[in-house]
Amino acid sequence: MSVPGEKTNGSVLATQDLSVWAGDKQILKSVTLEAPDRTLLAVIGPSGCGKTTFLRSLNRMVELSHGLRVDGTVRYLGQDIYDARVDPVLVRRRIGMVFQRPTVFPMSIYENVAFGLRLDRKPEDEVEKSVVGALQRAGLWDEVKDDLDRPALSLSGGQQQRLCIARALAVSPRVLLLDEPTSSLDPAATQKIEGTLQELREEMTIVLVTHNVAQAGRVSDRTAYFYQGRLVEVGPTADLFENPKDPLTEEYLTGRFG
Ligand SMILES: Nc1ncnc2c1ncn2[C@@H]1O[C@H](COP(=O)(O)OP(=O)(O)O)[C@@H](O)[C@H]1O
Ligand SMILES: [Mg+2]
């Protein structure tokens, strides 16, 4: 998936005039946005503004929704991921995704994390090493290390979500996309996930969709504000929060805090 020698200007993922249509309804309107390396980019905005659609178009998952049409480009390390020669399955491995509700499989904790590695028919010692590493990076290892054979569905909601993060990490993605990963969790479980994200953002590229503005403030380096399918503005999180350039952003943030 990487293109040797191609300039990336430090951005791992970049969209250019990205539009998504459902029939003649335009859901995303010409979004041009970059996700730099080792950065957590938060995407915020009111319900229905296109956050999920944007995230799903970053790894071609949008193609799994019936009837959506994508226009414009998404570049991963300089390469257009919608190019006809690119395998979408490979795209989704390099650019992993975690959903709003934990999508745990009815199998053991260990096998949940090993899932993607099994598809690659990796030798068992390699699988084990990756599983342990992924559970550690997801901040779950200490809680499950003695129970790896337990059914994953016996874990709490917050643990299940960290397990999903571990499963995504196990195949060594370069980018992690998360769609409101804490919206179904209590504050303590949310705090654990935020801690995990704060560590992961040092080592990879993360795009986090959240309707929780305070969460964006706590964990992100940059924040993008979406409204009615458009990118209104993007900037360093502190700047955007303290000094929004667009009245639409200010109105949204004031509504959330004021
Ligand atoms: N598969 C689809 N077909 C038709 N409309 C869709 C589809 N997916 C999303 N939409 C519409 O696109 C808009 C943006 O949705 P979404 O990306 O889920 O927003 P958000 O995540 O910000 O709440 C909404 O009006 C939604 O109804
Ligand atoms: Mg959504």
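1. In which order do the strands of the open sheet of 6 strands lie, and with what pairing? The order is β6-β7-β8-β3-β9-β10, and the pairing is mixed. The strands at the edges, each of which pairs on one side only, are β6 (95–98) and β10 (230–236), and from one strand to the next the twist averages 15°. Two strands are said to pair if DSSP finds at least two bridges between them, while strands (E, at least two residues) and helices (H or I, at least four residues) are DSSP runs, numbered from the N terminus.

2. Before going further, please keep in mind that this is a predicted model, in which local features need pLDDT of at least 70 and side-chain atom pairs count only at pLDDT 80 or more, whereas totals for chains, interfaces and linings use all residues. Residues are numbered from 1 along each chain as its sequence is written, and chains are lettered from A and ligands numbered from 1 in the order in which they are written.

3. Within the sheet of point 1, strand β3 (residues 40–44) and strand β9 (residues 222–227) pair in the parallel sense over 4 bridges, and Ile 44 has Tyr 225 in β9 as its bridge partner. Helix α6 packs on this sheet, where it touches β6 and β7 (175–179), and its direction makes about 170° with that of β6. Such angles run from 0 to 180 degrees between N-to-C directions, and the axes are lines fitted to C-alpha atoms, for helices over the stretch in contact.

4. There is also an open sheet of 4 strands, with the order β2-β1-β4-β5 and antiparallel pairing, whose edge strands, pairing on one side only, are β2 (25–36) and β5 (79–80). Strand β1 (residues 11–22) pairs with β2 in the antiparallel sense over 8 bridges; Ala 14 has Glu 34 in β2 as its bridge partner, and Trp 21 stands opposite Gln 26 in β2. The hairpin of β1 and β2 has 2 residues between the strands, and in this hairpin Gly 23 takes a positive phi near 60°.

5. Helix α3 (residues 109–119) and helix α6 (residues 157–170) have axes that come within 7 Å and cross at roughly 30°. The two helices are therefore roughly parallel to each other, a description used for angles under 35 degrees. On the α3 side the contact involves Ile 109, Asn 112, Val 113, Ala 114, Phe 115, Gly 116 and Leu 117, which meet Leu 163, Ala 166, Arg 167 and Ala 170 in α6; residues are in contact if their C-beta atoms, placed from the backbone, lie within 7 Å. These residues divide into 8 nonpolar, 2 polar and 1 charged, where Ala, Val, Leu, Ile, Met, Phe, Trp, Tyr, Cys and Pro count as nonpolar, Asp, Glu, Lys and Arg as charged, and the others, Gly among them, as polar.

6. Helix α3 also meets helix α4 (residues 124–137), the axes coming within 9 Å and crossing at roughly 115°. Tyr 110, Val 113, Ala 114 and Leu 117 of α3 make this contact with Val 127, Ser 130, Val 131, Ala 134 and Leu 135 of α4, and by class the contact has 8 nonpolar, 1 polar and no charged residues.

7. Finally, ligand 1 is surrounded by 13 residues, of which the closest are Ala 22, Ile 27, Lys 51, Thr 52 and Thr 53; a residue is near a molecule if its C-beta atom, placed from the backbone, lies within 6 Å of it. Helix α1 (residues 51–57) gives the largest share of this shell, 3 residues, and the shell divides into 4 nonpolar, 8 polar and 1 charged.

Note on methods:
Parallel < 35°, antiparallel > 145°, perpendicular 65-115°, else oblique. Contact = placed C-beta atoms within 7 Å.
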